[in-house]
Amino acid sequence: MPGLHNPLVSFTRDRTARQLELRFEELLQKLRRNRPGEDAELVRRAYELASRQHKSQTRQSGEPYLSHPLEVAHILADLRMDATTLAAALLHDVVEDTKLPLAKLAELFGEETARLVEGVTKISRLDLLAPEARQAENVRKMLLAMVNDVRVVLVKLADRLHNMRTLEYLDPEKQKRIARETLELYAPIAHRLGMSVLRGELEDLAFPHLEPDAYLELQKEVAEKSKAHQKFLDEVQDTIRKKLVASGVPAEVEGRVKGLYSLHRKSLRQQRPLEQIYDWLAVRVLTDTERNCYAALGVIHQIWRPVPGRFKDYIAMPRPNLYQSLHTTVIHGGQPFEVQIRTQEMHRIAEEGVAAHWKYKDGKSASGADDRRIGWMRHLLEWTQDMQEPGEFLSTLKMDLSPVEVYAFTPKGRVLELPRGATPVDFAYTVHTEIGHQCVGAKLNGQMVSLRHEIANGDVIEILTQKGHTPSREWLSFVKTSRAKSKIRHWVSVQERAEAVDIGRRLLEKEARHFGRSLKKIAEEDLARAASDCGAGGRPEDLYAAVGFGRFSARQVIARILGEPPPGAEPAAEETAAPLVKTVKRMLGMDESPLVVRGHDDLLVFRAKCCNPIPGDEISGYITRGRGVAVHNRACPNVQNLLYQSERRIAVEWGGAGKTTFPVQLLIRTKDRPGVLAEITSVISATGTNIRNLESQPDGVNARIGANLDISDRRQLEGILANIKKIAGVFRVERVYRV
């Protein structure tokens, strides 16, 4: 009954409070040990305020809410962050959850702490999996917050890490959403900031929620081999230690097995089973000086012969996130393994990244090293200023978050960092926008190469330019860097819009004459109003462009402006438009797919052959010149190269379900074993799906199996994909799109 004292509840509450107090004292000990000169009192006052504000709140797990900000602060203390950052971590949910004014926080803890809390609060409010337009704006805001003070995102990353550690208490749908957001955004950001330990844990925590079957299978495979691997690693470590001592090279030696998600991703990317992944097992050698790193490398190569092409010197040429190490792959007893050699300081920077430098600062301003790590964010924000399409911005961000893989040189010896698969056009735009625009050819190591040629590590590239030359739209099909894509798209967009405005103006002028009028005598206000009514914009030029691109017919627009039908127009013309479209479709061999263009019933609509969208796919419409509306699957590689012009985008949706089936091509990668083809055939046939053809290309170890199927909708396809993944030995199955 209310008012009665429950001794058990009181005891539990008191014990929990004591545990929190002990955990907080551990936090202060970490701060004093890592940063003796810091203001521990600031952190204590932050804890006391957070304790009062969150007093009555609990987490989904039933724990006091205070445990969350306290654990976030511990993660940052382990990274040796300053007192201001720890205070902000303890207070990071106070403004959001308890409505304490930010001004009050600034008054109690200073402007710097309040600014960090405000930055984290803004990021927490962002829905990063919202509809595309809002999502893009949210991500921009987050990047801006990071650029202003990188500690904002460090607190947010620590917040996300603790939430991922306790994800099991949420419902499955929420688990999946948060895990996807973590894998697509937060883990790559941690990587770009050089924080390998945090990134690895985020990925491994997200993996089981997004791909449970692949996770369990991989976990089982790694567990089965763990004893043998440990024995192997102990053996090679012992050998290395003895040889280093004999050579007079001081060093610590440790072994490690690659993280599960990292293994999974590499297996998919290289299309190999685990036993063929070279760096599955690795030994790390930590020494005192850069000179001894190279001495240790010589010792390793005296013991085992290196695998050709597997040596990487990230000391002489650090990665953009300032990672430094020597990597070499050697073979012992038939088992390849990687050896990483670095100094203790390089190791700390490799694990902690941008956080490592805060140990040496007062937390006031970023060092040059920090500046280099967040410089890519500044560049990204600059390059994407002209991007109006949210999908384009988001794809550019994902591309920019991917690791740099290739280092190439200008003829004068300048090193440029590029993604895997980059071409001379990417190289040209990285040097300068005008060099990119005027690029007509390239020499690679003194030899002429195609502009599509993929650059390899160490290549020397000379770009040939011609004054007055302009970019080609075709370049968008092969460039890899966000800078090149954004500059080419912007140039092409400006040029094509200018052409569309000119064509639209001439079409409207011609149509106006049929009404006995001149376009010049139609008031600009009327043209602007028509543009607004059509949803094309608010200026006459927007209306001309929409007509020029084919979004609206000139006759429709002039009739709307004048409010009268053209002379001699048949009243039933509009009524016969839709049947006419169907007749033309039949004549052109277009399928009767259940596609609808919102607000139009007189436009030809066809499914793009590069991706063959099926009912249930997310789709986008693109107005082609003279062929109607092409409908693409949003996952199609061509979408971002086509849909960056808003004037050509048009809303499309799936209409009523029909009995039509659609061709879908699958690519299955599996271990080459007897009976696997029969099992795949059986799984597909069990769903009643027609198999057009099935083709296997074995190489003795693995096999590539191509399957062409007739599919009715996405639900049927997803069921087939899920069941094929369950077949023993299958390590990848994907839908194929043509570029």
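Predicted model: local features only at pLDDT ≥ 70, side-chain atom pairs only at ≥ 80, totals over all residues.
Trainee: What share of the residues counts as buried?

Mentor: Buried means under 20% relative accessible area, exposed means over 50%, and partly exposed lies in between (1.4 Å probe, protein chains only). Here 50% of the 739 residues count as buried.

Trainee: How many helices and strands are there?

Mentor: Helices (H or I, at least four residues) and strands (E, at least two) are DSSP runs, numbered from the N terminus. The protein has 28 helices and 20 strands.

Trainee: In what order do the strands of the sheet with E1 to E5 lie?

Mentor: Two strands pair if DSSP finds at least two bridges between them. The order in this open sheet of 5 strands is E1-E2-E5-E4-E3, with mixed pairing. Strand E1 (251–257) and strand E3 (312–313) are at the edges with a single partner strand each, so one side of each has no neighbour in the sheet.

Trainee: How is E3 joined to E4?

Mentor: E3 and strand E4 (residues 326–332) run antiparallel and are joined by 2 bridges. Lys312 is opposite His327, and Asp313 is opposite Leu326.

Trainee: Is E4 enclosed or open?

Mentor: E4 has 5 of its 7 residues buried, so the rest of the structure largely encloses it. E4 is also joined to E5 by 7 bridges in an antiparallel arrangement, with Leu326 opposite Ile341. The two strands form a hairpin with 2 residues between them, and Gly333 in the turn has a positive phi of about 60°.

Trainee: Which helix lies across E1, E2 and E5?

Mentor: Axes are lines fitted to C-alpha atoms, for helices over the stretch in contact, and angles run from 0 to 180 degrees between N-to-C directions. Helix H16 (residues 344–352) lies across E1, strand E2 (281–287) and strand E5 (335–343), at about 105° to E5.

Trainee: At what angle do H2 and H4 pack?

Mentor: Angles under 35 degrees count as roughly parallel, over 145 as roughly antiparallel, 65 to 115 as roughly perpendicular and the rest as oblique. Helix H2 (residues 40–53) packs on helix H4 (residues 83–91) at about 0°, with the axes 9 Å apart. H2 is therefore roughly parallel to H4. Residues making the contact include Leu42, Val43 and Ala46 of H2 and Leu86, Leu90 and Leu91 of H4.

Trainee: How many residues of each class are in that contact?

Mentor: Ala, Val, Leu, Ile, Met, Phe, Trp, Tyr, Cys and Pro count as nonpolar, Asp, Glu, Lys and Arg as charged, and the others, Gly among them, as polar. The contact of H2 with H4 has 11 nonpolar, 1 polar and no charged residues.

Trainee: How are H19 and H21 placed?

Mentor: Helix H19 (residues 424–431) and helix H21 (residues 482–514) pack at about 85°, their axes 8 Å apart. The two are therefore roughly perpendicular to each other. Contact (heavy atoms within 4.5 Å) is made by Val425, Asp426, Tyr429 and Thr430 of H19 and Arg483, Ala484, Lys487 and Ile488 of H21. By class, that is 4 nonpolar, 1 polar and 3 charged residues. Of the 8 residues of H19, 6 are buried, among them Pro424, Phe427 and Ala428.

Trainee: Where is Ala442, and what does it contact?

Mentor: Ala442 is in strand E8 (residues 439–444) and is buried, with a relative accessible area of 0%. Beyond its neighbours within four places in sequence, its contacts include Pro424, Met448, Leu451 and Ile463. Ala442 and Ala428 are 14 residues apart in sequence and 9.1 Å apart, C-alpha to C-alpha.

Key:
Residues numbered from 1 in each chain as written. Heavy atoms only, no water.
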